[in-house]
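I opened this notebook to keep a record of what I looked up, one topic at a time. The sequence and the structure go in first, and my entries follow.

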Amino acid sequence: MKPVFSRITGTGSFLPPRRLSNHDMATMLAERGLETSDEWIVERTGIRFRHFAADGVNASDLALPACQAALAAAGRQAEDVDLIIVATSTPDMVFPSTATLLQNKLGVHGCAAFDVQAVCSGFVYALTVADAMIKTGGASCALVVGAEVFSRILDFNDRTTCVLFGDGAGAVVLEASAEPGILASDLHADGRHSDILCTPGTVAGGQVVGSPLLRMDGQAVFKLAVGVLEQAARNVLERAGRPPESLHWLVPHQANIRIMMATAKKLKLAPDRLVATVAEHGNTSAASVPLALDVAVRDGRIRRGDSVMLEGVGGGFTWGAVLLDF
């Protein structure tokens with residue numbers, strides 16, 4: 001029996017139409033008596049724009065066009081899909097999963113569909129799970145999606161966090177292949193750091209218990225993120241038997257340009273090998289890696305045969321990396 005591998009055969013993404021500049025955010029915050037500026041945001045994060053979903057638009061609504069674009073790129077129909085995994089921290093509802101709601105919107109029925117919740121590392125986690133299921137015969141054509149409406153959980157009285165995040169979705173079609181695509185993955189979590197990035201509210205007795213809004217210790221996240229991302233990257237390179245210089249592209253979680261540049265520098269990767277969309281999209285959590293991947297594929301930077309590193313780090317604290325040949 002020939003070995004089974006998994007390869008990405010199509011990518012897609014979607015951003016809601018409402019696009020807010022740093023100036024727009026500064027105006028919004030000024031109405032609340034808070035000060036910020038384009039210069040302040042860009043200097044600290046590299047972010048210039050973000051997209052917010054309209055009222056009534058949920059994660060599955062953003063995921064649908066991203067999946068349709070990925071399926072079209074792969075030359076597949078929705079009925080070819082036998083696995084759907086959605087990475088999200090902002091699901092449509094408590095249950096059922098956003099993946100099952102997306103499944104219904106795609107018009108397919110019966111295949112496995114579930115969510116993965118690892119916050120900003122969610123897509124890397126979901127891709128690793130889909131890869132494992134394909135390699136063990138549990139699926140042959142998977143939709144792996146990151147979709148978020150983080151604008152719903154932002155505290156607009158906290159200028160240090162509300163300017164960072166945006167909404168969006170990214171998706172890939174992952175298919176069984178006779179040739180290696182995903183080469184290695186490395187996933188980690190450390191709940192001791194859960195308090196530095198969290199949304200600590202929950203629902204009990206029909207009431208919100210605790211805060212339903214995002215809370216973050218930016219300095220603590222920055223310090224932890226740089227170290228763990230470098231180690232995860234080195235782990236997957238070692239497992240795949242590849243040297244760092246073999247990498248063509250680094251597609252990291254799009255949270256902060258300084259974290260991204262620091263990781264690339266530690267890997268001795270040239271700045272032009274870093275795919276950075278954070279300026280245009282902000283931090284879209286689980287959607288950020290597939291969004292950035294799709295942008296780089298569609299503008300011609302990432303081509304078939306390129307060696308690509310995907311990395312994520314987020315609340316939990318979670319982190320991980322996937323090395324693949326595109």
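Does Val 145 count as buried or exposed, and at what relative accessibility? I found that Val 145 counts as buried because its relative accessibility is 0%, where buried means under 20% relative accessible area, exposed over 50% and partly exposed in between, with a 1.4 Å probe and protein chains only.

**Entry 1: ground rules.** I noted that this is a predicted model, in which local features need pLDDT of at least 70 and side-chain atom pairs count only at pLDDT 80 or more, while totals for chains, interfaces and linings use all residues. Residues are numbered from 1 along each chain as its sequence is written, and side-chain values use heavy atoms, with hydrogens and water left out.

**Entry 2: the strand around Val 145.** I placed Val 145 in strand β6; helices (H or I, at least four residues) and strands (E, at least two) are DSSP runs, numbered from the N terminus. I then looked up its contacts, contact meaning heavy atoms within 4.5 Å. Not counting residues up to four places away in sequence, Val 145 touches Ala 63, Cys 67, Ile 85, Val 86, Ala 87, Leu 102, Phe 123, Gly 170 and Ala 171. I also noted Ala 287, which is 142 residues from Val 145 in sequence but 7.4 Å from it in space, C-alpha to C-alpha.

Entry 3: Where does β6 sit among the strands of its sheet? I read the order as β1-β7-β6-β4-β5, an open sheet of 5 strands with mixed pairing, where two strands pair if DSSP finds at least two bridges between them. The edge strands, each pairing on one side only, are β1 (5-14) and β5 (112-116). Neighbouring strands of this sheet are turned by 20° against each other on average, direction ignored; axes are lines fitted to C-alpha atoms, for helices over the stretch in contact, and angles run from 0 to 180 degrees between N-to-C directions.

On one side, β6 (residues 141-149) is joined by 9 bridges to β7 (residues 167-177), and these two strands run antiparallel. Helix α10 (residues 288-298) packs on the sheet and touches β1, β6 and β7, with its direction at about 90° to that of β1.

Entry 4: The side chain of Asp 294 meets that of Arg 298 in a salt bridge of 2.6 Å, N to O, a salt bridge being a side-chain nitrogen of Lys or Arg within 4 Å of a carboxyl oxygen of Asp or Glu. Both residues lie in α10, 4 residues apart, about one turn of the helix. By this rule the count comes to 14 salt bridges.

I looked up another, between Lys 105 and Asp 61, at 2.6 Å, N to O. Lys 105 lies in helix α4 (residues 98-106) and Asp 61 in helix α3 (residues 59-74), so the pair ties together parts that are 44 residues apart in sequence. Lys 105 is partly exposed, with a relative accessible area of 36%.

**Entry 5: a charged residue without a partner.** Which side chain of opposite charge is nearest to Arg 50? I found Asp 24 at 6.9 Å, and Arg 50 is buried yet has no salt bridge; Lys and Arg count as positive and Asp and Glu as negative, while His and the chain ends are not counted. A polar atom of the Arg 50 side chain lies 2.7 Å from the backbone oxygen of Val 163, and one lies 3.4 Å from the backbone oxygen of Ser 21.

Notes: A polar contact is a pair of N or O atoms within 3.5 Å; within protein, one must be able to donate a hydrogen and the other to accept it, and residues adjacent in sequence count only if both atoms are side-chain atoms.
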